[in-house]
Amino acid sequence: MSTAGGGGNGMGRALRLSRSETRRERLVAILLGLAALLTVLTTVAVVIVLARETFEFFRDPLVSVWEFLTGDRWTPLFADKHFGILPLVTGTLLVTVLAVLVGVPMGLASAIYLSEYAPPARRRTLKGILELLAGIPTVVLGFFALSYVTPVLQGLIPGVKFFNALSAGLVMGVMILPTVSSLASDALQAVPLSLREAGYGLGGSKLDVILKVLLPAAFSGLAAAVILAFSRAVGETMIVSLAAGQRPILTFDPRETIATMTSFIVQAATGDQPVGSLAARSLYAVGAVLFGLTLLMNLASQALVRRFRERYE
Amino acid sequence: MRAARGRRLRGRAFHAAVAVPTVLALALLAALMLELLSDTVSWQVVEPRGSGETFSFLDGFSITSSWEKVVTLELAARGSDQAEIDALIRDPEERRKFAARNRVELMLWADGKLLRWVVTGSRDVLVQDRGLLEGWRQRDELSAGLKPGQHLYLNPWLDISFFTKSASRTPLMAGLAPALLGSLWIIGLVMLIAVPLGVGAAIYLEEYAGDNAFTRLLEVNLRNLAGVPSIVYGILGLTVFVRLLGLGPVILAAALTLSLLVVPVVVIASREGIRGVPNSLRQAAYGLGATRSQVVFRVVLPAALSSVVTGVILAVARALGETAPLLVIGAAVFVPGLPNGPLAQYTALPIQIYTWVGENEREFAHVASAGIVVLLAVLSLLYGAAFWLRRKYEKRW
């Protein structure tokens with residue numbers, strides 16, 4: 001925030017401006033404020049759109065909130081319609097957990113390496129490459145999962161389907177790796193030098209300092225990185241729609257074809273559902289659940305980051 | 001002594017353990033890229049329907065009208081007489097029809113020669129398709145096993161014609177032209193919409209906003225927007241732009257949706273740049289009698305320009321690769337012509353790739369790989385530019 005110019009709306013007082021100048025200044029301020037307001041309106045619009053259609057969805061006599069939350073059959077696109085979101089939730093959870101199992105340990109390790117071990121020049125290069133990795137569009141990662149990873153998995157593990165959660169989860173782990181790595185290494189770098197020095201002063205080795213001083217000190221920052229990675233994995237769409245399939249069944253077997261919340265939304269939106277039909281509305285109900293979940297995770301992650309910052313800055 | 005050695009060993013083991021994942025991820029990435037590149041080339045045995053000729057480079061070569069010369073040779077081989085050939089070549093409508101069904105290409109290693117002109121037709125039948133290395137090892141067998149009329153080519157799927165061909169159900173005829181043009185339109189409009197909004201919001205937050213509840217709301221909201229799954233933006237775009245505003249599945253609807261998606265990217269990068277401009281510059285400008293908007297637009301913004309431009313480049317890269325929202329708002333999977341304005345139906349690079357990946361025919365994997373290489377090349381250029389800009393204009397105040 002600028003301190004120059006006195007802050008607030010002080011223009012035109014310190015200097016004597018002509019009336020047209022004052023008017024122009026005010027117009028500029030209003031236009032800029034409108035641009036900022038639009039970012040809030042985006043969120044408001046998302047909430048209104050999701051809430052309205054979801055409300056309509058639940059008003060339908062065929063649907064009950066109880067069945068939606070506890071039912072284990074999800075068949076809105078078939079003649080015999082059932083609206084139990086559990087298969088989509090378990091599908092999402094299955095892929096996400098696989099992704100986190102791969103991406104978080106690798107991401108944390110690479111963060112520790114980058115911030116504590118790598119010499120500065122190599123750190124810059126590696127960070128650049130990780131940024132590039134983060135920039136690979138997910139449709140490309142989905143292609144990799146489907147055409148390169150799945151055949152390998154089918155050769156290694158018996159019973160892996162052509163579309164399976166395992167392949168999607170592994171590749172999604174690679175997708176979240178840069179997120180975890182960059183946020184976690186920021187958190188590690190933010191730990192004050194005095195803490196490290198105190199650790200070494202007590203006779204700790206580098207390993208001791210990392211494990212017993214840095215990681216605990218940066219814990220909330222690292223947790224924030226992990227939660228954000230979780231949220232990104234839950235919201236990821238293309239990898240799962242290409243490589244995991246579109247069959248909502250209640251299973252925890254990673255070799256199976258599954259559906260996630262996001263892949264259902266794609267399926268429902270690309271099919272020919274008449275506007276206003278129950279099947280079309282079910283897309284919004286799933287979207288609302290997805291939005292709510294990721295919002296909660298993002299808020300939790302931000303709260304942790306804030307706590308972390310307050311402690312050290 | 002022993003304890004000290006154990007400590008050193010443990011330290012070294014840990015160092016190796018944290019270095020391995022980074023190296024592993026990079027090696028994996030390199031392997032995938034190699035695989036991808038080799039997938040863009042294949043050896044093919046093709047059986048043309050109608051004609052069965054390829055023509056030597058010199059036969060068809062001419063600086064101005066290779067197309068006419070090769071087509072003349074091809075039609076003569078199909079049994080047309082000179083009058084018919086001349087009529088076809090002179091009539092633009094007939095030319096267009098011929099070009100829609102056949103493609104004249106200069107191919108590598110066709111029929112054992114380094115370069116041959118090949119007329120590929122949409123009705124050609126693919127007999128065999130081999131990977132780059134496998135085909136090279138078996139090339140003698142393959143050419144010995146050719147039946148009369150069949151040809152063996154080394155087909156580089158990613159050649160110049162790939163950029164000019166339209167979408168097609170036949171892998172050999174499929175190209176990127178409509179997707180490239182669609183993506184260009186979208187990116188252009190996204191820049192027109194998202195840059196003023198994003199930079200404006202950033203300026204407001206850094207230079208105008210006071211420390212109050214509204215500002216805090218803006219801050220929290222921006223951070224959350226950056227974390228909203230892209231498919232949710234798709235739902236928003238589908239409901240508001242496509243249906244409520246009645247735009248339908250057109251380029252403008254896609255551009256508006258993606259603009260909302262990338263505004264946070266522009267805001268975050270621009271704010272960082274604006275925050276980096278030292279107050280002494282602002283004070284100097286005020287001291288010279290500048291008004292607030294003059295300070296912002298003539299002093300602060302130019303000083304922060306490299307960060308703003310970096311943000312814009314990253315936003316463009318993001319918009320270029322986003323697939324899910326476009327799928328939800330209904331990007332056409334098959335567009336017959338080229339898009340010609342903001343209200344035209346369209347397809348975009350990632351959508352085209354998604355469609356090709358989903359095709360059943362094995363050959364479409366080559367087409368998809370070629371498309372992915374193009375997309376990744378463009379993105380690498382953009383990221384490279386952003387990286388370079390940040391390095392070059394990183395001002396130390």
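Start by colouring the two chains separately and selecting their interface: 75 residues of chain B are in contact with 76 residues of chain A, two residues being in contact if their C-beta atoms, placed from the backbone, lie within 7 Å. This is a predicted model, in which local features need pLDDT of at least 70, side-chain atom pairs count only at pLDDT 80 or more, and totals for chains, interfaces and linings use all residues. Residues are numbered from 1 along each chain as its sequence is written, while chains are lettered from A and ligands numbered from 1 in the order in which they are written.

Helices here are DSSP runs of H or I, at least four residues, numbered from the N terminus.

Now colour chain B by domain: domain 1 (1-38), domain 2 (41-156) and domain 3 (177-392), with bounds from an automatic or database domain assignment. The C-alpha centres of domains 2 and 3 of chain B are 43 Å apart.

Over to chain A, with domain 1 (20-59) and domain 2 (86-312). Their C-alpha centres are separated by 30 Å, and seven residues of domain 1 of chain A are in contact with seven of domain 2 of chain A.

Finally, pick helices H4 (residues 120-134) and H6 (residues 165-190) of chain A. Where do H4(A) and H6(A) meet? A:Leu130, A:Glu131, A:Leu133 and A:Ala134 in H4(A) meet A:Pro178, A:Thr179, A:Ser181 and A:Ser182 in H6(A).

Technical notes:
Helix = DSSP H or I, 4+ residues; strand = E, 2+ residues; numbered from the N terminus.
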